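Subject: Structure handover

Hello,

Here is the structure we spoke about, followed by notes on what was found in it. Please read the notes with the model open beside them.

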Amino acid sequence: MLSINNLQASVEGKEILKGINLIVNSGEIHAIMGPNGSGKSTLASVLAGRSEYEVTGGEVVFEGKDLLEMSPEERSHEGVFLAFQYPVEIPGVSTANFLKTALNEVRKHRGEDQLDAMDFLKLMKEKAKLMDIELSFLQRSLNEGFSGGEKKRNEIFQMAMLNPKLSILDETDSGLDIDALKIVSNGVNSLRSKDNATIVITHYQRLLDYIIPDFVHVLYKGRIVKSGGKELALELESRGYDWVKDEAGE
Amino acid sequence: METGMDILDEVVSRDYQYGFVSDIEQEITPKGLSEDIVRLISNKKNEPEWMLEWRLKAYRHWLTMREPKWSNVHYPAIDFNDISYYAAPKVKTDAPLSLDDIDPEIRKTFDKLGISLIEQQRLSGIAVDAVFDSVSVATTFKAKLAEKGIIFCSMSEAVREHPELVKKYIGSVVPVSDNFYSALNSAVFSDGSFCYIPKGVRCPMELSTYFRINAKDTGQFERTLIVADEGSYVSYLEGCTAPMRDENQLHAAVVEIVAHKDAEVKYSTVQNWYPGDKNGVGGIFNFVTKRGICIGDNSKISWTQVETGSAITWKYPSVILKGDNSIGEFYSVAVTNNYQQADTGTKMMHIGKNTKSRIVSKGISAGKSQNSYRGLVKINKTATNARNFSQCDSLLIGDKCGAHTFPYLEVSNSNSMVEHEATTSKIGEDILFYCNQRGIPTEEAIALIVNGYCKEVMNQLPMEFAVEAQRLLSVSLEGSVG
Ligand SMILES: Nc1ncnc2c1ncn2[C@@H]1O[C@H](COP(=O)(O)OP(=O)(O)O)[C@@H](O)[C@H]1O
Ligand SMILES: [Mg+2]
């Protein structure tokens, strides 16, 4: 599904990603861990096409297409979803209206008709239930005045609505209490299928008790310095990152 | 490297789609202003002596006045002697025109603007008075309105046919000496619309005026007067466009509204004068005085405006709340893009008891534009138990534009209540990227946010106008980001 080959990227002239290699097949869950500032969010942003990050080398192929050639909205239409580490607030636009617009843009891209109001409402009710979200909540301006946890839950709700092929969750677990963590994980797990894939960026092994990864990668100073199975996360939890740093030659 | 901010910088201009010039034989007075020109205009219109005297008085007063400088707009000095004060399509007779007499070129122009007069007549049930440069060219539906005793005609015709009404009300709300531009308008106003709704009559259709500047180097000075007699109701719409020209053109209109006891007037404007190009060359200078008086008890005047055009807008539709329990409302969306400047707002003057006013102003600035809200709420000692609510919001698109609010309050009694809320939000690169990531392209994202932001004002517009206004908003902001 996704093939990242020697990806390099910089921001404001500073090199952040220094040659990332990663292959994600459909049906898989990959966890990316690593200390603060190692480039995890940068990788997510580059995959989503944020323009302030300049790709300086390498390639990314998504479903047989050159991802880096596409605009952010095209990537979304092709099925790339990013749950933001810091979701923005959009004044005056309700979550419901926002998602209706988003969904219809995707449908337009696929040459499908606009979703009528009844079908949309039905879909929204179903997904809201999955994420334990009140419908009234969705009438409020997107993320405006939401708590940190509510914003994160709203991200996964949007993911459920848009049903992407590749989801990238950037520290969706940070700021969640244990109940919210379970709801979010449940949501992610129930959306899981053999046709989609998920990249979970996280700091803590805690989330990986609920969302079981097939692979765990450690990103450090812009490179993936170690990869393994889910037991790698446990090892990181007990030993910290220092031994990885040592192995990486510091 | 193309950063997010670079994208915001990339101002892709979309052509102003009303920017065509119609090829019509025009009769234009020589440039410059003098008593002779004022006499000439009055003479062209076959005006009675009192009207000429009124104009001359205004002209003499104007000579003693200076251009106001207090607003937050900047522009090169206007040479008032380099403007033609009267331009009219040539016609055979001076008599009021019927639809069939209209020059086919003018008809084509109005068709291009989407207001085919004949179509209007047949389909939409909106009575239209169309003002082309200085002259009113057609008033549809006249007969149907006359059945109810409603007078809806051009100002020139009203001066000739209904002198007692015009004499009584003209200048009664906006006195000649009110300000520099109202004095100028009073001296040289060329046409405009007049509307009188008799006692107890609910006007059965929207009344509408369409203003179009076509001739080069001319100013347009229309004068609109609406009188709603006791217990009557009317909803009035005003639209405006102009061709694209390199030089600035002056538009200085005066609108007066009188609402008698229990009467209600809704006045809606969609202002789309040519805003100038993306480098700030050309565009209309729009200096307008609009004021209504709720002269009788329980009367109501409501201004709704969607301002998207003009290089400079200077405009403060106001209400004098004289009658007890009278209500004044002001709903405004003002959009500025590129190098446009807008200084707009309202004045609510509470005089009667239990008077209420409501102000909802939504400013949207994009490009390198400047957008100011200027409002005055004045509550006199006599206005016991008066209420005002003001909401002034600013939305910034990108980081090269500016928004400013100047709310003034003068409250002279203690049992009144005044509430003011203000917010500023910004559509920055982070919000746009978020929308893009969800599959919503930038232009659609801006439209989505702007529509949500303006909803409260748009809801005030009559249905068919709201659709037009919404489209206009998107067009005005198209290219505000890359
Ligand atoms: N927009 C930006 N401008 C400047 N520096 C940035 C920007 N985004 C990220 N960086 C820098 O890139 C490095 C990696 O950041 P990030 O990808 O957010 O790390 P992580 O998500 O792993 O904590 C940090 O040194 C950070 O300061
Ligand atoms: Mg991060």
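One term is needed from the start: a residue is called buried when its relative accessible area is under 20%, exposed when that area is over 50%, and partly exposed in between. By this scale B:Asn325 is partly exposed, because its relative accessible area is 34%. Please also bear in mind that this is a predicted model.

Loops of chain B

B:Asn325 sits in the loop between strand 16 (318–321) and strand 17 (327–336) of chain B. Its phi is positive, about 60 degrees, although the residue is not a glycine. As background, most residues other than glycine have a negative phi. B:Asn385 also has a positive phi, of about 65 degrees, and is not a glycine either. Its place is the loop between strand 20 (370–379) and strand 21 of chain B. With a relative accessible area of 35%, B:Asn385 is partly exposed.

B:Thr355 itself belongs to the loop between strand 18 (341–350) and strand 19 of chain B. Is B:Thr355 buried or exposed? Its relative accessibility is 0%, so B:Thr355 counts as buried.

Salt bridges within the chains

Over all chains, a search of the whole structure finds 25 salt bridges.

In chain B, B:Glu256 and B:Arg223 meet through their side chains in a salt bridge, with an N to O distance of 2.9 Å. This pair links distant parts of the chain: B:Glu256 is in strand 11 (residues 254–259) and B:Arg223 in strand 8 (residues 223–228), 33 residues apart. B:Glu256 is buried, with a relative accessible area of 0%. B:Arg223 counts as buried too, at 0% relative accessibility.

Also in chain B, the side chains of B:Lys362 and B:Asp393 form a salt bridge of 2.9 Å, N to O. B:Lys362 lies in strand 19 (residues 356–365) and B:Asp393 in strand 21 (residues 387–397), so the pair ties together parts that are 31 residues apart in sequence. B:Lys362 and B:Asp393 are both buried.

In chain A, A:Glu112 and A:Arg107 are joined by a salt bridge of 3.7 Å between N and O. Here A:Glu112 is partly exposed, with a relative accessible area of 35%. A:Arg107 is partly exposed as well, at 21%.

Where the chains meet

How many residues of chain A are in contact with chain B? There are 35, and they touch 22 residues of chain B. Together the two chains bury about 2,400 Å², and 64% of that area is on carbon and sulfur atoms.

Eleven residue pairs are in polar contact between chain A and chain B, counting pairs with both residues at pLDDT 80 or more. On the side of chain A that touches chain B, helix 1, helix 2 (72–78), strand 6, helix 3 and helix 5 (148–162) each supply at least two residues. Helix 3 of chain A gives the most, with six residues. By class, this side of chain A has 16 nonpolar, ten polar and nine charged residues.

The rule finds two salt bridges across the interface. A:Arg50 forms a salt bridge with B:Glu429, and their closest N and O atoms are 3.2 Å apart. A network of salt bridges links A:Arg50, A:Glu52 and B:Glu429.

The magnesium ion

Which residues coordinate the magnesium ion (ligand 2)? They are A:Ser41, through OG, and A:Gln85, through OE1, at 2.0 to 2.3 Å. The two residues come from distant parts of the chain, 44 residues apart: A:Ser41 is in helix 1 (residues 40–48) of chain A, and A:Gln85 is in the loop between strand 6 (80–83) and helix 3 (95–109). A:Ser41 is partly exposed, with a relative accessible area of 26%, whereas A:Gln85 counts as buried at 17% relative accessibility.

Regards

Conventions. Residues are numbered from 1 along each chain as its sequence is written. Chains are lettered from A and ligands numbered from 1 in the order in which they are written. This is a predicted model: local features need pLDDT of at least 70, side-chain atom pairs count only at pLDDT 80 or more; totals for chains, interfaces and linings use all residues. Side-chain values use heavy atoms; hydrogens and water are left out. Donors are N, O and S atoms within 2.8 Å of the metal (3.2 Å for Na, K and Ca); water is not among the atoms, so sites may look incomplete. Helices (H or I, at least four residues) and strands (E, at least two) are DSSP runs, numbered from the N terminus. Buried means under 20% relative accessible area, exposed over 50%, partly exposed in between (1.4 Å probe, protein chains only). Contact means heavy atoms within 4.5 Å. Buried area is the accessible area (1.4 Å probe) that two parts lose on being put together, summed over both. A salt bridge is a side-chain nitrogen of Lys or Arg within 4 Å of a carboxyl oxygen of Asp or Glu. A polar contact is a pair of N or O atoms within 3.5 Å; within protein, one must be able to donate a hydrogen and the other to accept it, and residues adjacent in sequence count only if both atoms are side-chain atoms. Ala, Val, Leu, Ile, Met, Phe, Trp, Tyr, Cys and Pro count as nonpolar, Asp, Glu, Lys and Arg as charged, and the others, Gly among them, as polar.
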